[in-house]
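Please read the following points with the model open beside you.

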Protein chains: 2
Amino acid sequence: MSKILPPVGSDCVSCSIRKTVLFAGLEISDCESIHHPIDDIALAPNEVLYRAGDTARAVFTIRSGLLKLVQYLPDGRQRIVRLLRATDVTGLEALLGQPYQHDAIVLQQSEICRIPLEVIQRLDQENHKLRKELMVRWQRALDEADAWLTQLATGSARARMARLLLRLVSGSEGNSCELFGREDMGSMLGITTETASRIIAEFKRSGALQEIPGSVSLKCDTATLNKIAAD
Amino acid sequence: MSKILPPVGSDCVSCSIRKTVLFAGLEISDCESIHHPIDDIALAPNEVLYRAGDTARAVFTIRSGLLKLVQYLPDGRQRIVRLLRATDVTGLEALLGQPYQHDAIVLQQSEICRIPLEVIQRLDQENHKLRKELMVRWQRALDEADAWLTQLATGSARARMARLLLRLVSGSEGNSCELFGREDMGSMLGITTETASRIIAEFKRSGALQEIPGSVSLKCDTATLNKIAAD
DNA sequence: CGTACTGTTGAAGTGCTTCAAGACACGTGG
DNA sequence: CCACGTGTCTTGAAGCACTTCAACAGTACG
């Protein structure tokens, strides 16, 4: 179940990542005028942040962890259209009165800020910096969506997988990354779980991926992966 | 070459589609305060509206016609990430000072409004309705991008092609649509031109597509296409 | 200790690509 | 006006990448 940490009210003042997230540009004084509760939510893998079709009453900022945004085809098959990581914002459709467009499901233990619609609307009126920040987030989501299509839906399965891995290690230290289920990898790349499994196994054998003893993470040989990604 | 129609200044007042485009919600009095020239551009197939990397000084509204947004892979292959049709807006990255993210190239004879950055910024300060309208356009582009991935990059080539055709006829009267080059179809669906050609040919033979005598358009049997799209 | 779930691997089938050739429309110059 | 180039669409045949179906290993959990 979704576990809500000790209610923090407007603890945004002491938020360690405030400068990099949606409220970048806001002054401490602005934060103090937040009276609605901003919940800090901790979610474990497979837990659901929101479902497609839910009425959207809040926008979310990812503080840490990893989530997937999932859409479904008429026949019920799923397709993962984006990943969310630290500093990403999701649920912006809330600002337009639309229901959420995806299922947002946790892949790796996550910490998420839930920002009620009222807070955004109020801050938006009082402070013009938030508006710019919102546009930036919207555009970032759009750029991500386009990159996802070009990089992860084009070329051979091996190349797409290599690009996915490079994407996962980028921004993480030591070129290591924690993989997720083969089925999820499959629906990110539009391939079957078996093919995903075979490719990962092959990468391990060839040394492009290496197990780290005593860790769930894998070390990525980015040079090799880059060659494969070029296809 | 890009042909600029007789300069119209702020003829937005008499624009026939004003209510459905970016300036929906603006009053005639608002339009009168537009002093920068809003060019009305006519472009023929294969002409370029803008290129990826160009400094973005304007946002565009499509009045009629059809354009493609293209991104390129490191190896030079192209991928079409979205189509633009009447009432769509593109080039929103201009508002953030980013260069354009795609090549925007005309597929079918088009008429396009070029709205200089300064006009948007000025109207945005004077009139709050524009802000909402901008957010709506941003979200619409995002929804389009996600749908493109789920529908046109998932499943068999036949199913994807059927979904593309259904997309093209939706909104056009009489279930007819004008096709474009096989190569473009290929880079929309992530398949080769030969496969695109074979599938179209097969659709014609099976009756799912039918030539209209004396026209370049084709009639689509939506019932059949829907079955194929379900795959 | 059995059940359930995920990952791995094999073997057979098929759908798409690749390479190659021919058909057709278009414009250009002799 | 026809011959000729160029570009796009079509079609065939061969090869290969991915899927499908199936079996089995490993781990988690009651």
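1. Angles under 35 degrees count as roughly parallel, over 145 as roughly antiparallel, 65 to 115 as roughly perpendicular and the rest as oblique. This is a predicted model, in which local features need pLDDT of at least 70 and side-chain atom pairs count only at pLDDT 80 or more, while totals for chains, interfaces and linings use all residues. Residues are numbered from 1 along each chain as its sequence is written, chains are lettered from A in the order in which they are written, and side-chain values use heavy atoms, with hydrogens and water left out.

2. In chain A, helix α4 (residues 157-169) packs against helix α6 (residues 193-206) at an angle of about 70°, their axes lying 10 Å apart (axes are lines fitted to C-alpha atoms, for helices over the stretch in contact, and angles run from 0 to 180 degrees between N-to-C directions; helices are DSSP runs of H or I, at least four residues, numbered from the N terminus). α4(A) and α6(A) are therefore roughly perpendicular to each other.

3. In chain B, helix α4 (residues 157-169) and helix α7 (residues 222-230) pack at an angle of about 140°, with 8 Å between their axes, and α4(B) and α7(B) are therefore oblique to each other.

4. Chain B is superposed on chain A by a rotation of 180° with 0.0 Å of shift along its axis, at an RMSD of 0.0 Å (the superposition is by least squares on the C-alpha atoms of residues with pLDDT of at least 70 in both copies). The two copies are thus related as by a two-fold rotation axis, and in chain B the C-alpha nearest that axis belongs to B:Leu142, 2.8 Å from it.

Notes
Helices (H or I, at least four residues) and strands (E, at least two) are DSSP runs, numbered from the N terminus.
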